[in-house]
Amino acid sequence: YIDLRTAEERLAIAEASIAARSENHEIIHWRQQAGLVSELDPAQAPAGRGAGWLLVTEAHGPAQDPFAGDAGQLLANMLRAMRLHQHPRVFRACLERNNPQAAASAGLQADLATLLADLQPSVVLAMGRVAAQTLLQSRKPLGELRSQVHQLHGVPLVVTFDAPYLLRASADKARAWADLCLALELVAPAA
């Protein structure tokens, strides 16, 4: 019963992911028709914002969407403040918080390398403890991983708090903003 329920939950997540990708393709198509962007090309990225961003966050279970609800709205506001809300190459990925077997998998690092090679982001933003520890293969606390630039398969990576945490601990929003500014500095053209 448990295996069946888990399989059903994963199927629902996969279907939601396919629907979201389909919606993204429709939005891109509409933007192309309107002349707002000709293709998903790094040259179409806003000046000083890099060729692309990969946001990796965590979900607290297979059925949770970290990009929905109040947390999703906060994340959207963070992207807007960084002027990334209209960037054509902002990619989002999610790691399941309660799945340590997948996080410890050597296959995950190979999948990440392939994903980074395909997407070619300018920077990776790891949002939350699980995302940061998994991507960096580290057990250090989030506080020790923040405020510095790491490397993930040759791509700069910055660690910050996840949006659900910031909803509970608004005093840390200033520290999260400092992390986002650090990420922006990595992609800003040299003056």
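**Close-up 1. The largest nonpolar core of the predicted model comprises 42 residues.** Within this core, the residues with the most contacts are Trp53, Val56, Val124, Leu125, Leu135, Leu157 and Val159. Helix α8 (residues 173–187) supplies the largest share of the core, namely 6 residues. In soluble globular proteins, nonpolar side chains tend to be buried together.

**Close-up 2. Surroundings of Val56, one of the core residues with the most contacts.** Leaving aside residues up to four places away in sequence, Val56 touches Ala93 and Leu95 as well as Val124, Leu125, Ala126 and Met127. Val56 also touches Ala131 and Leu135, and both of these are among the buried residues of helix α5.

**Close-up 3. Helix α5 (residues 129–136) is largely enclosed by the rest of the structure, because 7 of its 8 residues are buried.** The buried residues are Val130, Ala131, Ala132, Gln133, Thr134, Leu135 and Leu136. Of these, Leu135 is also listed with the residues that have the most contacts inside the largest nonpolar core. Gln137 follows α5 and has a positive phi, near 50 degrees.

**Close-up 4. The largest cavity has a volume of about 40 Å³.** The model contains 1 cavity of 30 Å³ or more. The lining of the largest cavity is formed by Thr57, Pro66, Phe67, Leu75, Met127, Asp162, Ala163 and Pro164. By class, this lining has 6 nonpolar, 1 polar and 1 charged residues. Met127, one of the lining residues, is also touched by Val56.

Methods:
Residues numbered from 1 in each chain as written. Predicted model: local features only at pLDDT ≥ 70, side-chain atom pairs only at ≥ 80, totals over all residues. Heavy atoms only, no water. Core = buried A, V, L, I, M, F, W, Y, C linked by side-chain atoms within 4.5 Å. Buried < 20%, exposed > 50% of the residue type's maximum accessible area, 1.4 Å probe, protein only. Helix = DSSP H or I, 4+ residues; strand = E, 2+ residues; numbered from the N terminus. Contact = heavy atoms within 4.5 Å. 1 Å grid on protein atoms, 1.4 Å probe; cavity = no way out; pocket = protein on both sides within 12 Å on 5 of 7 lines; lining within 4 Å. Points joined across faces, edges and corners; volume = space filled by probe spheres on them. Nonpolar A, V, L, I, M, F, W, Y, C, P; charged D, E, K, R; others polar.
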